[in-house]
Amino acid sequence: MAADRSGQPPRAWQRMLSGRRLDLLDPSPLDVEIEDIAHGLARVARWNGQTKGDHAFSVAEHSLLVEDLALRLKSDIPPKWRMAVLLHDAPEYVIGDMISPFKTVMGGNYKEIEARLQGAIHLRFSLPAILPQAIKKLAKRADMISAYFEAVELAGFDEAEAARLFGRPRGFTAGKDGRLRLGLKPLPVARAQADFLARFREIALARKQDPQDREFC
């Protein structure tokens, strides 16, 4: 890594409002705080901000939607894994929401940094650094369903294009007009942040009450 003008390696850490310094190259779980995650995700726009409405549709809102959809798909998912789904895009509080085409262009380095951050976040909240395959598949399926609805309701895609890119969701009832809709509405930043934090704390309480989840504290 090239040095800066002082002869020191370039800064690779991000200062958080909590006062933590999170090193992107070697992230420590001790520097991860849920308040920082909620603050950051509520200010990161999905679809590069190319969505309808007076507010951006934030990653915080998307995360809440994906967790809700995962529960629709599997109603008996334990609190531990509900938290993992809620945090599926948590690294974006540091690195932002890169659209899929850009991730493809960036390739390995971006994905490596994202994976390191995700692992540190998981460990901070007593989750495995690498999730079980079944939970990863559930989160991915819910994520794709969310992407479909976001695309057609907020991002200007027609249904055929969204279905081709993300798959047409199954198990959802169409309205009288024959269209699948969830009624998504982008929220103000403060509301999205508060809702995300409230949901995390609700799941955290459920984890503390779950006798099968003794490692969470």
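Predicted model: local features only at pLDDT ≥ 70, side-chain atom pairs only at ≥ 80, totals over all residues.

Modeller: Let's start with a helix pair: α3 (residues 79-86) packs against α9 (residues 189-208) at an angle of about 155°, and their axes lie 8 Å apart.

Colleague: Which residues in α3 and α9 meet?

Modeller: From α3 you have P79, K80, R82, M83 and L86; from α9 they meet F196, R199, F200, I203, A204, A206 and R207. Sorted by class, the contact has eight nonpolar and four charged residues, with no polar ones.

Colleague: On to Y93. What makes Y93 count as buried?

Modeller: The cut-off for buried is under 20% relative accessible area. Y93 comes out at 9%, so it counts as buried. You'll find Y93 in helix α4 (residues 92-95).

Colleague: Which residues does Y93 touch, leaving out those up to four places away in sequence?

Modeller: M16, L22, D31, V32, D36, I37, G40, L41 and I121. Take G40 from that list: G40 and Y93 are 53 residues apart along the chain, yet their C-alpha atoms are separated by 4.4 Å.

Colleague: Is W47 buried or exposed?

Modeller: Buried: the relative accessible area of W47 is 17%, and the limit is under 20%. W47 sits in the loop between α1 (34-41) and α2 (59-73).

Colleague: What is the phi of W47?

Modeller: Near 60°, which is a positive value in a residue other than glycine. S126 isn't a glycine either, and S126 has a positive phi of about 55°. Look for S126 in the loop between α6 (108-124) and α7 (133-153).

Colleague: How do you know that D158 caps the N-terminal end of α8?

Modeller: Check the distance: a side-chain oxygen of D158 lies 3.2 Å from the backbone nitrogen of A160. A polar contact needs N or O atoms within 3.5 Å, so at 3.2 Å this pair makes it. The helix covers residues 159-166.

Definitions and conventions: Residues numbered from 1 in each chain as written. Heavy atoms only, no water. Polar contact = N/O pair within 3.5 Å; in protein donor to acceptor, adjacent residues only side chain to side chain. Helix = DSSP H or I, 4+ residues; strand = E, 2+ residues; numbered from the N terminus. Axes fitted to C-alpha atoms, helices over the stretch in contact; angles between N-to-C directions. Contact = heavy atoms within 4.5 Å. Nonpolar A, V, L, I, M, F, W, Y, C, P; charged D, E, K, R; others polar. Buried < 20%, exposed > 50% of the residue type's maximum accessible area, 1.4 Å probe, protein only.
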